[in-house]
Amino acid sequence: MVSKIQVQNLRTWYGEKQVHHGISFHVEPNEIFGIIGPAQSGKTTLLRAINRTFEFTAGTRQEGVISVDGEDVKRVRDVYELRRKIGMVAPLPVGLPLSIYDNVAFAPRSAGMRNKGELDELVERCLTQAALWDEVKDRLDSLGTKLSGGQQQRLTIARALSHQPEILCLDEFSIAIDPVTTMRIEDVLKVLKKDMTIILVTNLVQQARRLAARTMFLWNGEIIECDKTEVIFGGKPADKRTHDYVNGIFG
Amino acid sequence: MRAKRPGYAVFAEKGIEWIIRLCGISAIIFVFGIFFFVFREGGPILWEKGTDFRLGDFFTSTDWYPTSMENKRYGILLLIIGTFTVTGLSILIAVPFAIGGAIFLSEFCTGKVKEWLKIIIELLAAIPSIVWGFIGITVINPLIQSWFDVPVGLNVLNASIILALMAMPIMVSIGEDALKAVPDNYREAAVALGATRWQMIFRVLLPAGKNGLLAAVLLGVGRAVGETMGVLMATGHSLNNPYVKLDGSFNPMWMFESCRTLTATIASELGETSVGSPHYRVLFLIGIVLLTITFIINLTADLVVKGIRKQK
């Protein structure tokens, strides 16, 4: 079986500062792949390199190959198509300065969807999946930036789902969300797994334990360990640092 | 031993504070001073007896014969029409270029090119208006005559082009600031959703920066309304309603008619009047009208910019 995402010997730099020191791993189709690790370990940069928004930051450099569906992301013909294939949820919610409806309809419209009925249906479905529909269905025309932090976070999840991605990257999606809603979204993720591959970057190690089939422990731009979640959390991981980290006795 | 400042330092502190306070207050004093002196010169015409001035006619009459012997008339309607026509057209010309320039500077331009472009745009703002008028007469005038086959090249279009060029630099630089103030997160979020650069600019960047861009446009309008020398030379300065033909019908070729503006009238006639005469006072009254117009525009721009701050 072909891997959904294959990363080979990835090295990245912000100016002089190196972020990734040659990491290689792969993500299987339709799995939830957890990435854990402390701050500054390169989790977010990794996601940005996959959908090629990393290159927008001035002074960045990248070596190694990232391929999605066997195709090198640096060589894809249509980078917009690639980005639509990947749904990205950023750690700090960014509600675009548009109405709630337009926020969710932004990507399908950019891709050329014009049919009002289709759009309505899509917006409702995405907002429902993100557990936000009930709260906003009466005020879809109000500004997305006026929502509370947690609602904006769910709005970005709805937005990431709006272009029916094959890969969903969640970068600490639950920072601003209460535990109950977090659980609801986690349930949705388990369902979505049937249709898409999910990469879950999280600081809550227990969240990775609950959801991920395999988990990767990233530390200072290097992979300490990448294995089945049961192994990582099973009390006998291969590396002692992993054991310390997941049990909260790190550093 | 603790460090201790000498006793006089306390007084120096107070003194400096007062000097700075005075500098700040002086701005207010100057503005009110200008209003006061202009009104002192122009105001008396409103209540002086024995003049031909009628306040009712002032805004509504097209007759401007301030130097006539028997039949003095002071109606500034044509001048107001001239000012608004030229300003309006110049803004229509300038806005697309200015917003395009602002987008280019903030989104597409980097490094050396950007630095140089900004310097050159600022240089454009530094060209004296009399030089612009000169260009209007010697360069744009013959161009308009030959391209559009019209007898007179000193007209509304000519003045509007010149005003557009003069108002553009300030619009570009303020507009660029407005676009730069849009957080990078918005750009990245839009691009991550598969938007192309243009989709990102038109659907996210411009809506997000629209207040700042509006303020930029309004400042440009303020500049265009108050401009004098360039328009005096380029409009042809003839007392004429560009929208009306001789037979009284609407003139679709209004762009190629000469006209006259409020500012140019003051500049060209004030030197010929005797201090305190009705003509002199009416010109100052026109000054008050101009001050009011620019005051309103600036106030609007200010409120719009405040609106931006509140949003954040």
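Reply: Happy to! Of the 251 residues of chain A, 46% count as buried. Please keep in mind that this is a predicted model; the predictor gives the complex an ipTM of 0.76 and a pTM of 0.74.

Let's begin with the overall build of chain A. Its secondary structure comprises 10 helices and 10 strands. The radius of gyration is 18 Å, close to the 18 Å that the globule rule gives for 251 residues, so chain A is as compact as a globular protein of that length. Along the principal axes, its C-alpha atoms fill a box of roughly 50 × 40 × 35 Å. Among the contacts in chain A with a separation of 6 or more, 68% are between residues 24 or more positions apart.

Now for the sheet. Four strands of chain A form an open sheet in the order E2-E1-E4-E5, with antiparallel pairing. Strands E2 (17–27) and E5 (71–72) of chain A stand at the edges with a single partner strand each, so one side of each is left without a neighbour in the sheet. The partner strand E1 (residues 5–14) of chain A joins E2(A) through 8 antiparallel bridges. Within this pairing, you can find Arg11(A) opposite His21(A) in E2(A). Helix H1 (residues 43–50) of chain A lies across E1, E2 and strand E4 (60–68) of chain A, and runs at about 115° to E1(A).

Chain B averages a pLDDT of 84, and 98% of the residues score at least 70. In helix H8 (residues 197–208) of chain B, the buried residues are Gln199(B), Met200(B), Val204(B), Leu205(B) and Ala208(B). Seen down the axis of H8(B), these residues fall within an arc of 150°, so they line one face of the helix. As background, an α-helix has 3.6 residues a turn, so residues three or four places apart point the same way. The cover over the buried residues of H8(B) draws on both chains: it includes helix H3 (100–110) of chain A, together with H6 and helix H7 (184–192) of chain B.

Helix H6 (residues 156–180) of chain B contains Ala164(B). This alanine counts as buried because 22 C-beta neighbours lie inside 10 Å. Leaving aside residues up to four places away in sequence, Ala164(B) touches Ser90(B), Ile93(B) and Ala94(B). The C-alpha atoms of Ala164(B) and Leu92(B) are separated by 8.3 Å, although the two residues are 72 residues apart along the chain.

How values were computed
Residues numbered from 1 in each chain as written. Chains lettered and ligands numbered in written order. Predicted model: local features only at pLDDT ≥ 70, side-chain atom pairs only at ≥ 80, totals over all residues. Helix = DSSP H or I, 4+ residues; strand = E, 2+ residues; numbered from the N terminus. Buried ≥ 20, exposed ≤ 12 C-beta atoms within 10 Å, placed from the backbone. Contact = placed C-beta atoms within 7 Å. Arc of directions from axis to C-beta. pLDDT = per-residue confidence, 0-100. Rg over C-alpha atoms; globule rule 2.2 N^0.38 Å. Pairing = 2+ DSSP bridges. Axes fitted to C-alpha atoms, helices over the stretch in contact; angles between N-to-C directions.
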